[in-house]
Amino acid sequence: MPQIPTTLHELTVGQLAARSGAAVSALHFYESKGLIRSRRTAGNQRRFDRDMLRRVAFIRAAQRVGIPLATIREALARLPEERTPTAEDWAELSEAWRGELDERIKRLERLRDRLDGCIGCGCLSLDKCALSNPDDRFGGRGCGSLLS
């Protein structure tokens, strides 16, 4: 990972991308969604405060555990203006997100367990397809997989 001199207080989008590991396009997207911010130079080039490195790390860590960007944006919006998330912020937010993640894990485990019944068939046309007909909601409309 490229080192950026500590005396450099503003980063180009390329420097921020190289140092954070995020693609330039991802940084542009984050900025368009209000997750990070930059200022424009006289030549209309983006310059990011150095603390955007921590914000990007925060965003990427939250995304890796499955937190939607809208939820991340809400969390960042609750921080005092211009402040970068701290370790304490992460601890508080991760605790709040834990229940949501646990529920998502349970749903995925149930889906995984139901998937086993479809592996032998492959065509999803069983009388009771656990994937496209959960809990046989459409059983009254006939056998086989019904998509609506």
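Q: What makes the largest nonpolar core a core, and which of its 25 residues touch the most other members?
A: A nonpolar core is a set of buried Ala, Val, Leu, Ile, Met, Phe, Trp, Tyr and Cys residues joined through side-chain atoms within 4.5 Å. Of the 25 residues that make up the largest such core, Leu16, Leu27, Tyr30, Ile36, Ile59 and Ile72 touch the most other members. Two or more residues each come from helix 1 (13-20), helix 2, helix 3 (52-64), helix 4 (69-77) and helix 5 (87-119). Helix 3 gives the largest share, 6 residues.

Q: What kind of model is this, and which values count?
A: The model is predicted: local features need pLDDT of at least 70 and side-chain atom pairs count only at pLDDT 80 or more, while totals for chains, interfaces and linings use all residues. Residues are numbered from 1 along each chain as its sequence is written, and side-chain values use heavy atoms, with hydrogens and water left out.

Q: Which residues does Tyr30 touch?
A: Contact means heavy atoms within 4.5 Å. Leaving out residues up to four places away in sequence, Tyr30 touches Leu35, Ile36, Val56, Ile59, Arg60, Gln63 and Leu69.

Q: Why is Glu31 called buried?
A: Buried means under 20% relative accessible area, exposed over 50%, and partly exposed in between (1.4 Å probe, protein chains only). The relative accessibility of Glu31 is 19%, so Glu31 counts as buried. Glu31 is found in helix 2 (residues 24-32). Not counting residues up to four places away in sequence, Glu31 touches Ile36, Arg37, Ser38, Arg46 and Phe48.

Q: How do you know that the side chains of Glu31 and Arg46 make a polar contact?
A: A polar contact is a pair of N or O atoms within 3.5 Å; within protein, one must be able to donate a hydrogen and the other to accept it, and residues adjacent in sequence count only if both atoms are side-chain atoms. The side chains of Glu31 and Arg46 are joined at 2.6 Å, and the side chain of Glu31 also makes a polar contact with the side chain of Ser38, at 2.5 Å.

Q: What makes helix 3 a helix, and what span does it reach?
A: Helices (H or I, at least four residues) and strands (E, at least two) are DSSP runs, numbered from the N terminus. Helix 3 has 13 residues. The expected span is 1.5 Å times one less than the number of residues; helix 3 reaches 18 Å from its first C-alpha to its last, close to the 18 Å expected. Its buried residues are Met52, Leu53, Arg55, Val56, Phe58, Ile59 and Ala62.

Q: How do you know that strand 2 and strand 3 (residues 46-49) pair?
A: Two strands pair if DSSP finds at least two bridges between them. Strand 2 and strand 3 are joined by 2 bridges and run antiparallel, so they count as paired. Arg39 stands opposite Arg47 in strand 3. The open sheet has 3 strands in the order 1-3-2. Strand 1 (10-11) and strand 2 (39-40) are called edge strands because each pairs on one side only.
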